[in-house]
Amino acid sequence: MDLFEKLNVEQGALGKFADLPKDYFMFPKLEGEIAPRMKFNGKEVLTWSLNNYLGLANHPEVRKADADAAAQWGLAYPMGARMMSGNSVHHIDLENQLADFIKKESVMLLNFGYQGVLSIIDAVVDRKDVIVYDAESHACIIDGLRLHIGKRFVYPHNNIENLETQLKRAKRITDETGGGILVITEGVFGMSGNQGNLKDVVALKEKYGFRLFVDDAHGFGTMGKTGAGTGEEQGVQDQIDLYFSTFAKSMASIGAFVGGDEKIITYLRYTMRSQIYAKSLPMPLVIGAIKRLELLRTKPELKDNLWKVVNALQSGLREHGFDLGSTKSPVTPVLFHGGLGEGGNMTVDLRENYNIFCSMVVYPVVPKDIIMLRLIPTAAHTLEDVKETIDAFASVKSKLDDGVYRREEIMAINK
């Protein structure tokens, strides 16, 4: 078969939705200033699909810092890979501030979160080593595992008993190969909102001698007393050997970082292929991140406002009988029973008739008979937004129960 002909036939897990109205379910276009209310399909909608947890995307101090840095430096500077010609005092300053904030000896900036996680895994382990990882790990972790030429074992999500079983298997191998064990999990899992059971994971470190890598993309800025993340929240930050987060969530920007012991971070600087062979993070993003970190550290009211909205939304939905799973973070999954057609029609109804925009999550992320509507509360939302959303969800839930959405075809959409 011709290569491209095969690609046209086999569109992948999400490709089967390509025939749905363009720019509606897949690649939807939200327009206007980043805010709780934006334009979608020609009308204003209340949106719950932006990872702008602390509301920094349009904070006036952030906008000014971004604009001033872009005017002073442009997007080209520094020109070159960080190791060769792309370093600056501002890159170093941001790394030092992040290290101080997350209580690690050293931090390394990364251009992107996804490629950063993938490349960390590639750099840290070799064929003698074994990786043990949580079954619900993000795709960037899974792709990093694909690069690993040694053994890897998976344990069911947050199942500590099974984790220990996998660690026993791993240790039998590393006792023979002379390699080490890397355990990978997340601080906050982005779909379910569950926290990784970090306390029970680290309790096994002394017995099995592994190192722990935590992806805390959704926890940094939202969890812990100071916002330093899920490790701080659970009191085990000092037991996390490699702490990773991205700027794409609470920091409302682009970029990422990894923190740990200075010797290990120095090793990563000289071995991470995604950073050695890529242009350095542009100066406006670095200076903008410094301003965002300053606000995160000095304005606790941002996180307080976020959790005021989170608690109101989650408690209100639960009081109305909605199933939110076992989320223990701002991520708010609302679970319904139904098929793809029902989920699609309920989503259209919410967007077109209730002016509520949220993301629908379908199989294979959730089982075939489950519909998930994922809500991402932010500090920029109001309690009035929460009430409006709960009322809308109560209405469409009644329609779902009455069979109004029970059809395979998607209801007509005016575009």
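The chat below walks through the sheets, helix contacts and a few single residues of a predicted model.

Biologist: Before we start, what kind of model is this, and how are residues numbered?
Modeller: This is a predicted model, in which local features need pLDDT of at least 70 and side-chain atom pairs count only at pLDDT 80 or more, while totals for chains, interfaces and linings use all residues. Residues are numbered from 1 along each chain as its sequence is written, and side-chain values use heavy atoms, with hydrogens and water left out.

Biologist: OK, sheets then. What is the strand order in the sheet of 7 strands?
Modeller: That sheet is open, with the order 4-10-9-8-7-5-6 and mixed pairing. Helices (H or I, at least four residues) and strands (E, at least two) are DSSP runs numbered from the N terminus, and two strands pair if DSSP finds at least two bridges between them.

Biologist: And which strands are at the edges?
Modeller: Strand 4 (106-110) and strand 6 are the edge strands, each pairing on one side only. From one strand to the next, the twist averages 20°.

Biologist: In what sense do strand 8 and strand 9 pair, parallel or antiparallel?
Modeller: Strand 8 (residues 211-215) pairs with strand 9 (residues 242-246) in the parallel sense, over 3 bridges. As one example, valine 214 has tyrosine 243 in strand 9 as its bridge partner.

Biologist: Which strands does helix 5 lie across?
Modeller: Helix 5 (residues 113-124) lies across strands 4, 5, 7, 8, 9 and 10, and runs at about 160° to strand 9. Axes here are lines fitted to C-alpha atoms, for helices over the stretch in contact, and angles run from 0 to 180 degrees between N-to-C directions.

Biologist: Now the sheet of 3 strands: what is its order?
Modeller: Its order is 11-14-13, and this open sheet has antiparallel pairing. Strand 11 and strand 13 (359-361) are its edge strands, each pairing on one side only, and the twist averages 30° from one strand to the next.

Biologist: Over how many bridges do strand 13 and strand 14 pair?
Modeller: Strand 13 and strand 14 (residues 370-375) pair over 3 bridges in the antiparallel sense, and serine 359 has arginine 374 in strand 14 as its bridge partner.

Biologist: Which helices lie across strand 11 and strand 14?
Modeller: Helix 15 (residues 340-353) lies across strand 11, strand 13 and strand 14, at about 30° to strand 14. Helix 16 (residues 383-401) lies across strand 11 and strand 14, at about 15° to strand 11.

Biologist: How do helix 14 and helix 16 cross, then?
Modeller: Their axes come within 10 Å and cross at roughly 20°, so helix 14 is roughly parallel to helix 16. Angles under 35 degrees count as roughly parallel, over 145 as roughly antiparallel, 65 to 115 as roughly perpendicular and the rest as oblique.

Biologist: Which residues make that contact?
Modeller: Helix 14 contributes Lys308, Val309, Ala312, Leu313, Gly316 and Leu317, and helix 16 contributes Leu383, Val386, Ile390 and Phe393, where contact means heavy atoms within 4.5 Å. By class, they divide into 8 nonpolar, 1 polar and 1 charged; Ala, Val, Leu, Ile, Met, Phe, Trp, Tyr, Cys and Pro count as nonpolar, Asp, Glu, Lys and Arg as charged, and the others, Gly among them, as polar.

Biologist: What about helix 3 and helix 13, at what angle do they cross?
Modeller: The axes of helix 3 and helix 13 (residues 283-298) cross at roughly 155° and come within 8 Å, so helix 3 is roughly antiparallel to helix 13. The contact of these helices has 9 nonpolar, 1 polar and 5 charged residues.

Biologist: Which peptide bond is cis?
Modeller: The bond from tyrosine 77 to proline 78 is cis, with omega near -5°, and proline 78 is in the loop between helix 3 (60-73) and helix 4 (89-102).

Biologist: Last one: what is the phi of asparagine 41?
Modeller: Asparagine 41 has a positive phi of about 55° although it is not a glycine. Most residues other than glycine have a negative phi. At 21% relative accessibility, asparagine 41 counts as partly exposed.

Technical notes. Buried means under 20% relative accessible area, exposed over 50%, partly exposed in between (1.4 Å probe, protein chains only).
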